[in-house]
Amino acid sequence: MNKPVIYSLVVLIIVLLDRIAKVLIQDKVRNYGAAFGILQNYTLLFIIVAVILIIVLCYYIIKSDTSLLRVSLSFILAGTIGNLIDRLFYGYVIDLIST
């Protein structure tokens, strides 16, 4: 199996685990902003930024020379995809930790 496939599987598994966790959690925290709720109700801005970030992260995962960097960027990519899915389907991000 080639390296892009491996990192794609890492991203897919993390996104699936994120979705499962968000379905199973009882006390869902709705975050309409960014980290710690800043910039509330800028959903369209966050969607645009997420799409740009996904493209940039994919580029750097492909161009990276080290496995550690690729894995680290894959985790960030998976989190970005998970948050994008939340924003597209719900208009907010489901957080697992309340501030």
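This short talk describes one predicted protein chain, from its overall layout to a few individual residues.

Good morning, colleagues. The model is predicted, so local features require pLDDT of at least 70 and side-chain atom pairs count only at pLDDT 80 or more, while totals for chains, interfaces and linings use all residues. Residues are numbered from 1 along each chain as its sequence is written, and side-chain values use heavy atoms, with hydrogens and water left out.

I begin with the overall layout. The chain contains three helices and two strands, where helices (H or I, at least four residues) and strands (E, at least two) are DSSP runs numbered from the N terminus. Read from the N terminus, the order of elements is α-β-α-α-β. The C-alpha trace spans about 40 × 30 × 20 Å along its principal axes.

Of the 99 residues in the chain, 28% are buried; buried means under 20% relative accessible area, exposed over 50%, and partly exposed in between, with a 1.4 Å probe and protein chains only. The chain exposes about 6800 Å², and carbon and sulfur atoms supply 72% of that area. Accessible areas come from the Shrake-Rupley method with a 1.4 Å probe, and for residues only the protein chains shown count as cover. As for contacts (heavy atoms within 4.5 Å), among those between residues at least 6 apart in sequence, 65% join residues at least 24 apart.

Let me turn to R87, which lies in helix α3, residues 67-90. Leaving aside residues up to four places away in sequence, R87 touches several residues, including Y32, G33, F46 and Y92.

Also in helix α3 is V71, which is partly exposed at 32% relative accessibility. V71 and Y7 are 64 residues apart in sequence, yet 7.0 Å apart in space, C-alpha to C-alpha.

Finally, V23 belongs to helix α1, residues 3-24, and is exposed, with a relative accessible area of 64%. Thank you for your attention.
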